[in-house]
There are 2 protein chains.
Amino acid sequence: MKVPGLYDIREAHKRIKPFIHITPVMSSRQISNIFGCELFFKCENFQKVGAFKFRGATNAVQLLTPDEKRRGVVTHSSGNHAAALALAASDAGVKAMVVMPSNAPEVKKNAVRGYGAEITFCEPTQAARESTTRDIIARTGALLIHPYDNFNVICGQGTAALELLEEVPSLDCIMAPVGGGGLLSGTLTAARAVNPKIKVFGAEPLNANDAFLSFTSGVIHPAKPPSTIADGLLTSLSELTFTIIRKNADDILTVTEESIIECMKLIWERMKIIIEPSSAVALAAVREHNELFRGLKTGIILSGGNVELSKLPFTRAS
Amino acid sequence: MKVPGLYDIREAHKRIKPFIHITPVMSSRQISNIFGCELFFKCENFQKVGAFKFRGATNAVQLLTPDEKRRGVVTHSSGNHAAALALAASDAGVKAMVVMPSNAPEVKKNAVRGYGAEITFCEPTQAARESTTRDIIARTGALLIHPYDNFNVICGQGTAALELLEEVPSLDCIMAPVGGGGLLSGTLTAARAVNPKIKVFGAEPLNANDAFLSFTSGVIHPAKPPSTIADGLLTSLSELTFTIIRKNADDILTVTEESIIECMKLIWERMKIIIEPSSAVALAAVREHNELFRGLKTGIILSGGNVELSKLPFTRAS
């Protein structure tokens, strides 16, 4: 199995630079004080389409051959990857087809449509999504761009850590949330190569701890049905991401739902930026596993900022 | 009546620079496209205490004489100025006393207390606030730092426009929300002196249009009881701010509540930053008076980002 190296991520960075935002690194003295460490937040919530996913999708689309470009790209996703692929394809003049469950939120359908992709609706089951995607591929010859089980996508996701380490080279550790593992795989590859001594953690909801179970047991555990507010982290690892993470990660740290909401609120209130629950998972790990981070310079990748404002978890004053 | 000039604002900027954040100027291609103009947002929601008010309060506190410093400062406010004065005083080792209505939200009491100020509670009436403040002054000799009817405070508020024009010198117009008029007065003074051709507008909720009425009639109209979501813009102009605004502003533009909420949502969703309703008033003016701005480079001062997350106006998906 071919796994990415630092060279691949640097090449990806050159390739996607004309298309992405170089996102800011922010810090908050108040939040650093609360957790007794120096925190640096890489703000991928400010990335185009509101999530780091645009990096990987752009790298994958820019690497298409002329023939692949003519046939188009396809994915099945109701989340940030669908919007990211739609915009990345649009930037390259390539047709994007997205398979979405018919019950996906209107706001997500509109985002994907707004970037010019063609949506095919299917029943809201994994089987229906996969078979509908296969039908499209059979009919059009389109190339499937998987959200994380894809070498080029992982290289693109790794560019966020590359930028973070360029801006703050003295980091002691770095942390990314883990769902399918694309962001964590890219982060591990970039960070370990730039600084072999840096510690790299994945952060995961306890209620969706399949990466933790896979990491500790050595075999891939499938994701259970969703029961976390961190709706970007419901997917299982793939062979590729599992291989990279199992070999390189220092640990996968799990966190409670209460911690996720508390840390999301902390970032909204103190930093005045909007992050989605999945982004708060890494800060929640600093909160719940504080002994690992005290006194250390810690980089956190805020993965995205797409939330439904009418469905926020802040129901009571505190 | 002594009114500030550009020199005063430049001096204020040198004075407060060690204490404030130099806030970023952000833009959003999507929002600019929606309104057909090029928008530049000066992000005072990222200022310390979450609002531009920290600039004016810091300038006023840093200019205290040794004797005034010993006696302390006092203000009556339940909003951003109270927190700003508390932190500015703490930075200078000066005691701050804040008179707050007993029914002020816990979150605001905690913020002011957290910055080390002493709170005196009073009945929630204007008369009680003023008499309690007078009592404190009589007892302690503390200096009243008014939120906007204060030369030094206005000079501090003008530094936000100064920074914005340093970063984007080619602006055709600039806009600030108007409540008591401190921010708009400082903005007018800075912008007009740096570029005499620039247009400067104030933006105000139609439901609190006392500045508009004062500006057009030539006499100060008192603010009516609050009926706007923009809770930072409920106060009346003072003689000083009225004089500056009446002489220099191009116009005061009023906006509906619906526009304020719509534009607040737009900034949250597209820019992933948290602004308070008062900050959205200026973008709402671009929306409702669009003919004035089409094709122009327009600077907007986002005044602050302090909202109660449990009381947001986004009750329905759209």
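The following legends describe close-up views of a predicted model.

**View 1**

**View 2. The contact between chain A and chain B.**
Chain A contributes 20 residues to the contact, and chain B contributes 20 residues. On the side of chain A that touches chain B, α6 (106–114) and α12 (257–271) of chain A each supply at least two residues. The largest share of that side, three residues, comes from α12(A). By residue class, the side of chain A that touches chain B divides into nine nonpolar, five polar and six charged residues. Of the interface residues of chain A, 100% are also interface residues in chain B, so the copies meet through the same surface.

**View 3. The two domains of chain A.**
The domain assignment of chain A gives domain 1, made up of 6–51 + 151–311, and domain 2, which covers 54–144. A distance of 24 Å separates the C-alpha centres of domain 1 and domain 2 of chain A. Across the boundary, 22 residues of domain 1 of chain A are in contact with 17 residues of domain 2 of chain A. On the domain 1 side, the elements that give two or more residues are α1 (6–16) and α8 (151–167) of chain A. Helix α8(A) provides eight residues, the largest share of the side of domain 1 that touches domain 2. The residues on this side of domain 1 of chain A divide into ten nonpolar, nine polar and three charged.

**View 4. The largest nonpolar core and the surroundings of Ala86(B).**
The largest nonpolar core has 199 residues. Leu85(A), Ala86(A) and Ala86(B) are those with the most contacts inside this core. In soluble globular proteins, nonpolar side chains tend to be buried together. Leaving aside neighbours within four places in sequence, Ala86(B) is in contact with Ala96(B), Val98(B) and Val112(B), as well as with Tyr115(B), Gly116(B) and Ala117(B).

**View 5. Strand β3 of chain A and its partner β4.**
Strand β3 (residues 73–76) of chain A is covered on both faces. Val73(A) and Thr75(A) are buried on one side, while Val74(A) and His76(A) are buried on the other. Four bridges join β3(A) to strand β4 (residues 96–101) of chain A, and the two strands run parallel. In this pairing, Val73(A) stands opposite Ala96(A) in β4(A).

**View 6. The six-stranded sheet of chain B.**
Chain B contains an open sheet of six strands with mixed pairing, in the order β1-β2-β10-β7-β8-β9. Its edge strands, β1 (25–26) and β9 (251–255) of chain B, each pair on one side only. Strand β7 (residues 173–177) of chain B runs parallel to strand β10 (residues 297–302) of chain B, and three bridges join them. Here Met175(B) stands opposite Ile300(B) in β10(B).

In chain A, Val49(A) lies in the loop between β2 (38–43) and α3 (53–62). Phi of Val49(A) is near 60 degrees, a positive value in a residue other than glycine. Most residues other than glycine have a negative phi. Val49(A) has 23 other C-beta atoms within 10 Å and is therefore buried. In chain B, Val49(B) lies in the loop between β2 (38–43) and α3 (53–62). Phi of Val49(B) is near 60 degrees, again a positive value in a residue other than glycine. Val49(B) counts as buried because 23 C-beta neighbours lie inside 10 Å.

**View 7. Ile220 in a loop of chain A.**
Ile220(A) is found in the loop between α10 (210–217) and α11 (239–248) of chain A. The residue has 19 C-beta neighbours inside 10 Å and so counts as partly exposed, since being buried requires 20 or more. Residues up to four places away in sequence not being counted, Ile220(A) touches Ser214(A), Ser236(A), Leu237(A) and Phe242(A). Ile220(A) and Glu239(A) are 19 residues apart in sequence, while their C-alpha atoms are 7.8 Å apart in space.

Notes. Residues numbered from 1 in each chain as written. Chains lettered and ligands numbered in written order. Predicted model: local features only at pLDDT ≥ 70, side-chain atom pairs only at ≥ 80, totals over all residues. Core = buried A, V, L, I, M, F, W, Y, C linked by C-beta atoms within 7 Å. Buried ≥ 20, exposed ≤ 12 C-beta atoms within 10 Å, placed from the backbone. Contact = placed C-beta atoms within 7 Å. Nonpolar A, V, L, I, M, F, W, Y, C, P; charged D, E, K, R; others polar. Domains from an automatic or database assignment. Pairing = 2+ DSSP bridges.
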